[in-house]
Amino acid sequence: RTLRIGLIPGDGIGREVIPAGRRILEALPKSLGLTFSFVDLEAGFETFQKTGVALPEKTVDTLKQECDGALFGAVSSPSTPTKGYSSPIVALRKRLDLYANVRPVKSVKNTTMFPDPIDLVIVRENTEDLYVKEEKTYDTENGKVAEAIKRISERASSRIATMAGDIALRRQRVRDSTGQTGKSANVTITHKSNVLSQTDGLFRSTAREALAHFQSQGVTVDEQIVDSMVYKLFRQPETYDVIVAPNLYGDILSDGAAALVGSLGLVPSANVGEGFAIGEPCHGSAPDIQGMNISNPIATLRSVALMLEFLNEEKAAAIIYKAVDANLEEGKFLSPDMGGQAKTTEVVEDILRRM
Ligand code: NAI
Ligand code: MG
């Protein structure tokens, strides 16, 4: 099988970590029977400054017509609203209907202050909620008022919950096949329906319904109000397996959860739709360290593995995860954000050696 992968480095350290992602794919053992071809694609703030658009049509068309998956680095955004600029990754998620943002958060020895291993995944709805960006501002006698629409649909809530159920089953399969015990498949539905009874109420009841048939396959389902979830996530992160959340809560929870395992430079994500996945490290373009060859490539390498999982190449993914974990556990080649002194390229070389 040959997979064609679009490479979208974007801005800043995106240009240092995406080449690392490509190298790791090229280094996968030939015995997998898997080969890759690559196509370089543009998007980002520099692209916008050069061409007036942040996401060229050519990038979208190539992804749609030629590619099986893609890797996205990071893009810088202007700190003040800039006419004509809008985030390319947000647009890509829409154009390709990548309705889920999936973020595994996993601790490896040396990367967390928690005694018990953390191994959870946040499945964030990616198309609606407050992020439909339907906002308005108007004047009143007491000054300006701004409002935003929070939109929750049955369709989006149902398909995100179904994906969470599928992921819970897959994780259970992997644990069973590697003899890991102790944890069993669980999905926690996140909401605030005690206050937002209609919007979050709909999310909650729809997710419950969609998850019902997973229960007969051994997945337990529970739910939690988002604020109490933040508390418990930071006290007992080891108790979670799969968390499913509407867009805004999912955004906040997943950045927060990244702090549980050491560095933003470690946490991967994937934007997933029907039959397509874009791997994307959770961090931004990190202008403070760009061009210095010290950015941590691991978030990207794990995003590569995550993309492969959603393209049904679980074996290839496992090889990458294992090599990355071994690099972290040994701790000889760690980038500065992890307290080490290794260059980006040295971290990559160490991981390639282990594959
Ligand atoms: P950031 O994630 O770029 O950086 C935050 C801090 O973490 C910085 O000190 C940075 O050096 C460090 N860091 C991030 N990734 C790292 C890595 N791989 N290795 C080592 N250290 C790492 O977030 P920040 O500074 O808030 O935003 C910078 C730019 O990135 C902004 O223009 C922002 O809009 C954009 N951004 C883009 C995102 C995306 O493309 N998905 C996500 C977040 C921010
Ligand atoms: Mg975020």
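1. In which strand is Gly 69 found? Gly 69 is in strand S3, which covers residues 69–74. Gly 69 counts as buried because it has 23 C-beta neighbours inside 10 Å. The cut-offs are these: a residue is buried if 20 or more other C-beta atoms lie within 10 Å of its own, exposed if 12 or fewer, and partly exposed in between, with C-beta atoms placed from the backbone.

2. A word on the source. This is a predicted model, in which local features need pLDDT of at least 70 and side-chain atom pairs count only at pLDDT 80 or more, while totals for chains, interfaces and linings use all residues. Residues are numbered from 1 along each chain as its sequence is written, and chains are lettered from A and ligands numbered from 1 in the order in which they are written.

3. Overall form. The protein chain has eleven helices and twelve strands. Its radius of gyration is 20 Å, which agrees with the value near 20 Å for a compact globule of 355 residues. That radius is taken over C-alpha atoms, and the globule rule is 2.2 Å times the number of residues to the power 0.38. The C-alpha trace spans about 65 × 55 × 40 Å along its principal axes. Of the 355 residues, 47% count as buried.

4. Contacts along the chain. Two residues are in contact if their C-beta atoms, placed from the backbone, lie within 7 Å. Among contacts with a separation of 6 or more, 73% are between residues 24 or more positions apart. Gly 69 gives a list to check: leaving out residues up to four places away in sequence, it touches Leu 3, Ile 5, Phe 276, Ala 277, Ile 278, Met 307 and Leu 311. The C-alpha atoms of Gly 69 and Ile 351 are 282 residues apart along the chain and separated by 22 Å.

5. Domains. The chain is divided into domain 1 (1–104 + 263–355) and domain 2 (112–261), with bounds that come from an automatic or database domain assignment. The two centres, taken over C-alpha atoms, are separated by 23 Å. Domain 1 gives 14 residues to the contact and domain 2 gives 16. On the domain 1 side, helix H4 (88–95) and strand S4 (100–106) are the elements that give two or more residues. S4 gives the most, with five residues. That side has nine nonpolar, two polar and three charged residues. In this count Ala, Val, Leu, Ile, Met, Phe, Trp, Tyr, Cys and Pro are nonpolar, Asp, Glu, Lys and Arg are charged, and the others, Gly among them, are polar.

6. Ligand 1. How many residues surround ligand 1? There are 20, and the closest are Ser 76, Gly 265, His 283, Gly 284 and Asn 296. A residue is near the ligand if its C-beta atom, placed from the backbone, lies within 6 Å of it. By class, the shell has nine nonpolar, nine polar and two charged residues.

7. Strand pairs. Two strands pair if DSSP finds at least two bridges between them. Strand S1 (residues 2–10) and strand S2 (residues 35–40) are parallel, over six bridges, and the partner of Ile 5 in S2 is Phe 38. S5 (119–125) is largely enclosed by the rest of the structure, because six of its seven residues are buried. S5 is joined to S4 by seven bridges in the antiparallel sense, with Val 105 opposite Leu 120. Four bridges join S5 to strand S10 (residues 242–245) in the parallel sense, with Val 123 opposite Val 244.

8. Two loop residues to look at. Most residues other than glycine have a negative phi. Asp 97, in the loop between H4 and S4, has a positive phi near 50°. Asp 129, in the loop between S5 and strand S6 (135–140), has a positive phi near 65°. Asp 97 counts as exposed because it has 11 C-beta neighbours inside 10 Å, whereas Asp 129 is buried, with 26 other C-beta atoms within 10 Å.

9. Glu 313. Is Glu 313 buried or exposed? Glu 313 is buried, with 20 other C-beta atoms within 10 Å. Its place is in the loop between helix H9 (298–310) and helix H10 (314–330). Not counting residues up to four places away in sequence, Glu 313 touches Leu 34 and Leu 308. The C-alpha atoms of Glu 313 and Leu 34 are separated by 8.9 Å, although the two residues are 279 residues apart along the chain.
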